[in-house]
Amino acid sequence: MKEVCDALDRLISYAREKLSLSDRNVVYVRNTLLELVGVKSYEGTGQGYDGRSVSDLLRELVNACRRAGLHAADSEEGFADSVMGALMLPPDAVEKIFADHLAVSSSSAMKWLYDYCVNSDYVKKSKLDANPRFTAKNGLIITINRAKPEFRDPKKAVSGNSVQGGYPKCTICRENEGYFGRAKRTLRTVSLQLGGEPWFWQFSPYGYFHEHGIAVNEKHVPMHVDRETFVRLMQFVDLFPDYFIGCNAPLPRIGGSVLAHDHFQGGGETLPLHRAPISIKLRHPSFPELEAGVVDWRGTVVRIAGEDAQRIADLSELVRKEWCVYEDAARGIIPYDRDGIHSALSPTVIKTRSGYEMNLILRNNITSEVYPDGVFHAHPEFHVIKKESIGLIEAQGLFILPGRLVEEFSVLGEVLVSGAPLPEQYSGYELILRELKSMRTSFSEETARESIRLELESVCERILENTAVFKTQAETAQFMTEKVGFVYDK
């Protein structure tokens with residue numbers, strides 16, 4: 001068992017350097033790990049940390065256990081989670097160090113927590129860094145997430161993130177912290193106060209962007225957007241001004257996959273929507289101190305900016321109330337029917353030198369015979385690229401595409417170069433192939449890759465346009481002036 005003990009020693013040495021494991025706790029933790037792997041005696045030689053990644057160290061331990069006939073490593077993911085959970089600080093110690101950093105600066109606190117989650121292998125940064133990602137010429141950010149399963153059916157997406165049996169009630173409840181049943185022994189959260197109520201923050205293991213995480217209500221209450229939501233979002237960026245934070249629309253097909261539990265999404269990256277300018281300036285006579293306008297964006301977005309959070313919340317709520325009852329059958333906008341509510345807002349906010357910028361994304365999830373997956377969803381000709389719900393992150397211009405595209409684009413490139421017919425199993429790409437062939441008469445491997453990338457940029461832009469409830473910014477301004485009481489600001 002010497003090989004197993006040496007692998008454990010290297011992980012313990014790693015934890016002393018990267019996870020704040022104290023000298024006093026080394027023997028205790030070693031004994032815990034011996035029990036975990038099923039070894040009754042210690043035969044190690046005090047191997048030190050050799051600079052390898054934590055994933056390499058875990059793989060070494062798994063392989064050593066298998067060679068030794070130890071069955072603890074049969075479930076590799078759960079085994080690795082158990083080992084790292086034993087090496088980590090307990091939640092109260094993590095919370096205290098986070099608070100100490102927060103007393104210095106919010107950026108220091110979030111950086112420490114994020115690095116700790118990466119070092120513990122909770123945040124799978126090595127896998128995230130391997131995901132293809134680029135910034136398109138049209139300003140969108142496009143990623144292919146090879147680690148995330150694709151949910152093409154929204155009902156399956158919701159069920160895939162629910163928990164049967166009642167404990168924890170869902171996948172983001174705080175009771176998941178350390179819970180063996182979902183391999184969450186490495187999950188660590190930190191407490192927040194938003195709207196005078198207890199919330200908490202945790203990073204996402206398979207984040208879509210830099211320092212991607214969620215702020216979660218400690219109470220298991222359904223997702224909702226109202227005036228208090230706007231206030232809480234602005235309180236969050238008061239605490240962490242380097243982050244953006246937003247809330248998914250609380251409806252299927254246009255919202256998140258965990259609709260049963262109130263939460264926000266945010267992180268330490270500026271998304272394309274945040275960089276988009278105002279195209280039509282507006283103001284509201286009852287809120288003369290606030291700036292407002294229609295955003296120059298492919299989706300339907302209005303922005304309200306100013307220094308007074310309460311006033312911004314009041315005006316945002318006025319927009320929300322009017323939008324949620326607005327009906328325009330000619331445009332396919334139905335706010336509610338016998339199937340329920342269809343209109344909602346996705347708010348997202350950043351802190352600037354001049355105050356807050358609240359972006360309100362108008363969404364609607366109505367379906368029709370022509371568009372059974374959603375009138376304001378990716379249209380069927382684009383489902384080969386993206387059929388999953390277009391939620392808060394993509395509505396802000398960061399597209400998360402399914403990992404299958406890596407292989408499918410490779411086949412598509414071969415078809416372009418060879419001139420061979422499209423294989424039958426790739427028939428969904430017929431439109432994409434026609435558009436690609438319209439770009440040029442012949443392709444090399446290099447021009448095929450470049451053309452596919454340009455086509456992908458165009459498809460993502462058109463998908464975002466599909467989600468727009470008003471197809472022009474002038475129509476959005478008309479709604480804001482006629483229904484919400486705004487006037488044009490010359």
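Student: Where is Lys 137 found?
Tutor: In this predicted model, Lys 137 lies in the loop between strand E1 (133-135) and strand E2 (141-145). Strands (E, at least two residues) and helices (H or I, at least four) are DSSP runs, numbered from the N terminus.

Student: Is Lys 137 buried or exposed?
Tutor: Lys 137 is exposed, its relative accessible area being 71%. With a 1.4 Å probe and protein chains only, exposed means over 50%, buried under 20%, and partly exposed in between.

Student: Which residues does Lys 137 touch?
Tutor: Leaving aside residues up to four places away in sequence, Lys 137 touches Glu 450, Leu 454 and Glu 457. Contact means heavy atoms within 4.5 Å.

Student: And how far apart are Lys 137 and Arg 67?
Tutor: They are 51 Å apart in space, C-alpha to C-alpha, and 70 residues apart in sequence.

Student: What conventions apply here?
Tutor: Residues are numbered from 1 along each chain as its sequence is written, and side-chain values use heavy atoms, without hydrogens and water. Local features need pLDDT of at least 70 and side-chain atom pairs count only at pLDDT 80 or more, while totals for chains, interfaces and linings use all residues.

Student: New topic: at what angle do H14 and H15 cross?
Tutor: Helix H14 (residues 430-437) and helix H15 (residues 445-467) cross at roughly 125°, and their axes come within 10 Å. Axes are lines fitted to C-alpha atoms, for helices over the stretch in contact, with angles from 0 to 180 degrees between N-to-C directions. H14 is therefore oblique to H15; angles under 35 degrees count as roughly parallel, over 145 as roughly antiparallel, 65 to 115 as roughly perpendicular and the rest as oblique.

Student: Which residues make that contact between H14 and H15?
Tutor: H14 contributes Ile 432, Glu 435 and Leu 436, and H15 contributes Ser 451, Ile 452, Glu 455, Val 459 and Arg 462.

Student: What about H9 and H11, at what angle do they pack?
Tutor: Helix H9 (residues 227-239) and helix H11 (residues 309-325) pack at about 140°, with axes 8 Å apart. H9 is thus oblique to H11.

Student: Which residues touch the most other members of the largest nonpolar core?
Tutor: Leu 87, Trp 201, Phe 236 and Trp 323 do, in a core of 98 residues. A second, separate core has 38 residues, including Ala 136 and Phe 409. A nonpolar core is a set of buried Ala, Val, Leu, Ile, Met, Phe, Trp, Tyr and Cys residues joined through side-chain atoms within 4.5 Å.
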